[in-house]
Amino acid sequence: MIKELFVSLKQGHRTVDYPRTAPVLPDRFRGMPVADPAKCPGGCRLCVESCPTGALTEGLTFDLGRCLFCGKCRQSCPQGVIGFSREYRMAARQRNDLIIKNSSLKLIESLDKESKRIFGRSLKLRQVSAGGCNACEADTNVLNTLVYDLGKFGVQFVASPRHADGLLITGPVSRNMSLALEKTYAAVPAPKLVIATGACAVSGGPYIGHPEVLNGAAGVVPVDLFIPGCPPHPWTILDGILRLLGRL
Amino acid sequence: MSLPPFKTLRNCQTVELESIPLVAAADFRAAIVGAVEDGSRICALFGAPARRSGLALETALTEAAESAAIRLFAVLADDHRGILSVMATDVRDAYPALTPDCPQAHWFEREIYEQWAIKPEGHPWLKPIRFHESYAKKADSSRRSCVPIGITDFFRLEGAEIHDVAVGPVHAGIIEPGHFRFECHGENVYHLEISLGYQHRGVEPALVGGPDRRTLHYMETLAGDTTIGHATAYAHVLETLTGTAVSPRALTIRGIALELERLANHVGDLGALAADVGYLPTASFCGRLRGDFLNMTALLCGSRFGRGLVTPGGVEFDLDNNLIAELQNRISVAFKETAAAVNLLWDSPSVLARFENTGIISADAVEDLGLVGPAARACDVVRDARYDLPSGIFRFVQIPVSTWSTGDVFARAYVRWMEIQRSVDFIKSQLAVLPEGQTIADIAAPAPNSLAVSIVEGWRGEICHVAITDGDGRFRHYKIIDPSFHNWMGLALALRNQQISDFPLCNKSFNLSYCGHDL
């Protein structure tokens, strides 16, 4: 026992004092895409053609729900029009709100008063991976570590839909998982929330249009929160959940 | 009887399709069974339409005649000699199964049956592995995956006190879906059957006709926790097909990223193993430390999983002196803390009591099933592609192979700990001598009518990619074998005669990929 205490002292206190302290993201982190239309001579379409998922369309419009944040558009542009900021707060309540022009994404509104009364101080989630590659899953799971300490916000992942207030879905929803997802959703007592996490769950991600997938969660269950990214940074996920609950 | 010769090649080498011996199915079978008896191992065994993988000068007539045929390709590895061998046969409807004489082939042959409706005659267990409609019926491809998932003929024990325990597809934690059937007598598991396919996204059919702008993203998300491993395997395929020389600097950065991926996952696994036996100090420390290693990858390329780093021709991000110093510093600190956290495990009798003699698999089972990665090395089998079939930077810098002999959960944990130490040594030494030069080279057009094999030792074990190009150098077929494809059956065997309550522990000691298997 004494050994454990000794090691524990050496490991030190590692929980980030979030939200009082802003998260530190690496210099090369690709957050919110930003474009400078003034620099764009137009007509070349190199960026649009480089995008693997059709997230970037004419007029420098980004669909964050499809975006893999791969940076191919930035690379393709000879004029340096496109960049990625370190803005990690990108979740949205409506799918359409993820389609941005001139980096105009607004921080999301929280739930209505009654929903906040029910979920605001205690939210139990069941996670369903439906074709996810284990990156979104891993960076959701990491919220349970002492760095993020999800529990201190009253949010917890539970082992049964019966104990849950909602689902956090990852993956493009493979046809082979759609029934299991529907059944899990049905097993959660109402009122319930659904959070679609990652490009796959929002839009199908790299698998958009495959006959084997359903292009995200919204085709199967109603979604209350969309969190973009491939995978979203843990801070993006935490920020989205906490803003939904009106905790930020 | 003299067996037909294989075409031999090195890892990351391209051969012309014409040069691959095309033999009768009976000879194909005899040659593979013989080679495996002599110590070779099946890396890949798969079907591709013979029509599309035929020769450049094929006439329309032979094309039509062959259109119903499927060409089976086998890629074997002779680990001791460091060479690969390939052979092919054309089959129609059925062929004599290899599995009765060569258990390593069992999962591959189930896949062949499911993908192409070619029956391996005499296979004992021809059940679906992914539950999708046969590619042979691709005419109505709009509903390729309309085989009802999970409805199959599960293995059953009979007896008054025998009961089934069914778990999944949705699991209790934040993990991927899969279905497990335990045949139990009381607490004891006689047999575990693993039924997957829930994560099937149709990756392989989507790769046909590539490479295109989505190809790399499929590779990065085949198994998201192995982004660097699969992206590197794919990059090697394209580099050998195009004859691209990648700079030593880029190879070294890839190697560093691959080992960082191993570190993050191994450290995370040791923490999760500790959690599964209720030993919270290590669980809690390692959970945080895993993130520190992921953040080092993010320092390198902006993504914790290495998305966007590896690309055919090199790497997209370079290291400057400040970054090298920062990485050196971070890895030293994180390793010191990891050592302190992990060494608690080996000092705790309550942990060792749960780890030791739990979920044992024998070295014979490893050889029979062709298991790979830490699961094989935990049974004293020296099998590590970084050493046996080196590619990339590992052709120049060898990492000692870490083995242990007991084949139990302890061995699988301890092999990880040894590999953590070796990977840290590798990264530190490579950062100190990072070669000068460019980080990315231009890629030419891939060679037409060729087959390329690329093998990379990911953190779970051997990743094997095989590409076959058409007359224009596009992918006629692209085969992916994640290490999990070899190892799921190992987990099933490890559970025999165990308490069902030890399943989470055994499962975590393998930590296999569902999406890497389901594709």
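1. Chain B has an average pLDDT of 91, and 94% of its residues reach at least 70, where pLDDT is the predictor's confidence in each residue on a scale from 0 to 100. This is a predicted model, in which local features need pLDDT of at least 70 and side-chain atom pairs count only at pLDDT 80 or more, while totals for chains, interfaces and linings use all residues. Residues are numbered from 1 along each chain as its sequence is written, and chains are lettered from A and ligands numbered from 1 in the order in which they are written. The scores of the model are ipTM 0.95 and pTM 0.94.

2. The lowest mean pLDDT among the elements of chain B, 47, belongs to helix α2 (residues 60-66), and the highest, 97, to helix α14 (residues 409-432). The pLDDT is below 50 over residues 53-65 of chain B, a stretch that has 16 contacts in the model beyond near neighbours in sequence, two residues being in contact if their C-beta atoms, placed from the backbone, lie within 7 Å. Residues 139-145 of chain B also stay under 50, with 15 contacts beyond four places in sequence. Where pLDDT is low, the predicted coordinates should not be read in detail.

3. Some backbone details deserve a look, since most residues other than glycine have a negative phi, and most peptide bonds are trans. The peptide bond from A:Ala190 to A:Pro191 is cis, with omega near -5 degrees, and A:Pro191 sits in the loop between α6 (175-187) and β9 (193-197) of chain A. In chain B, the bond from B:Gly168 to B:Pro169 is cis with omega near 15 degrees, and B:Pro169 lies in the loop between β9 (162-167) and β10 (179-185).

4. B:Phe131, in the loop between β8 (119-121) and β9 of chain B, has a positive phi near 60 degrees. Is B:Phe131 buried or exposed? B:Phe131 counts as buried because it has 23 C-beta neighbours inside 10 Å, the cut-offs being 20 or more other C-beta atoms within 10 Å for buried, 12 or fewer for exposed, and partly exposed in between, with C-beta atoms placed from the backbone. B:Asn497 also has a positive phi, of about 65 degrees, but B:Asn497 is exposed, with 11 other C-beta atoms within 10 Å.

5. Helix α3 (residues 106-116) of chain B is mostly covered, with 10 of its 11 residues buried, including B:Trp107, B:Phe108 and B:Trp116. The buried residues of α3(B) pack against β4 (41-49), β5 (70-78), β8 and α15 of chain B. B:Ala117, which follows α3(B), has a positive phi near 55 degrees.

6. Where do the two chains meet? The contact takes 53 residues from chain B and 50 residues from chain A. On the side of chain B that touches chain A, the elements giving two or more residues are α5 (215-220), α8 (280-301) and α9 (321-346) of chain B, and α8(B) provides the largest share, 10 residues.

Methods. Helix = DSSP H or I, 4+ residues; strand = E, 2+ residues; numbered from the N terminus.
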